[in-house]
Amino acid sequence: MSLDGWVVSGGKSSGVQPGFRMTDPSGQAYQIEVDPPSNPEMASSAEIIGTAFYHAFGYATVDVSLAEIDRASLVIAGRATIRDP
């Protein structure tokens, strides 16, 4: 996945799974959630499977995708913030 022009715009301050928010070059915001290093793909796979089931049952769901991102390619905005819960 190429992150050219994507910027980390802030931290994710709610929920159990750690993550952050990113903005693509067009200004569209995305929420990025990360798996714990001790359990790779555990939380993300559960979210993808659960979302698919809810969608199949007729509920409105958000689009979720799995991606592998190199942390060295992340660019953090100078105004990026996170609030303590």
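## Aromatic pairs

The model is predicted, and it holds three aromatic pairs. Rings of Phe, Tyr and Trp (its six-membered ring) pair if their centres lie within 6.5 Å; planes under 30 degrees apart count as stacked, over 60 as edge-to-face and the rest as tilted. One of the pairs joins Tyr54 and Tyr59. Their ring centres are 5.6 Å apart and their planes stand at 80°, so this pair is edge-to-face.

Tyr54 sits in helix H1. Helices (H or I, at least four residues) and strands (E, at least two) are DSSP runs, numbered from the N terminus. Tyr54 is partly exposed, at 49% relative accessible area. Tyr59 is exposed, at 51%. Here buried means under 20% relative accessible area, exposed over 50%, and partly exposed in between (1.4 Å probe, protein chains only).

## A nonpolar surface patch

Tyr54 and Tyr59 also belong to a nonpolar patch on the surface, together with Ile49, Phe53 and Phe57. The accessible area of the patch is about 620 Å². Areas come from the Shrake-Rupley method with a 1.4 Å probe; for residues, only the protein chains shown count as cover. Patches are made of residues with over 30% relative accessible area and no salt bridge: like charges are joined within 9 Å, nonpolar side chains (Val, Leu, Ile, Met, Phe, Trp, Tyr) within 5 Å.

## Strand pairing

Two strands pair if DSSP finds at least two bridges between them. Strand E1 (residues 7–11) runs antiparallel to strand E2 (residues 19–23), with four bridges. Gly11 stands opposite Phe20 in E2.

E1 also pairs with strand E4 (residues 76–81). This pairing is parallel, over two bridges. Val8 has Ile76 in E4 as its bridge partner.

## The salt bridge

The structure has one salt bridge (a side-chain nitrogen of Lys or Arg within 4 Å of a carboxyl oxygen of Asp or Glu). Lys12 and Glu33 form this contact, at 3.7 Å from N to O. Lys12 lies in the loop between E1 and E2 and Glu33 in strand E3, so the pair ties together parts 21 residues apart in sequence. Lys12 is buried, at 11% relative accessibility. Glu33 is partly exposed, at 26%.

## A positive phi

Glu41 is in the loop between strand E3 (29–33) and helix H1 (42–56). Its phi is near 70°, a positive value in a residue other than glycine. Glu41 is exposed, with 54% relative accessible area.

## Basis of the values

Residues are numbered from 1 along each chain as its sequence is written, and side-chain values use heavy atoms, leaving out hydrogens and water. In this predicted model, local features need pLDDT of at least 70 and side-chain atom pairs count only at pLDDT 80 or more, while totals for chains, interfaces and linings use all residues.
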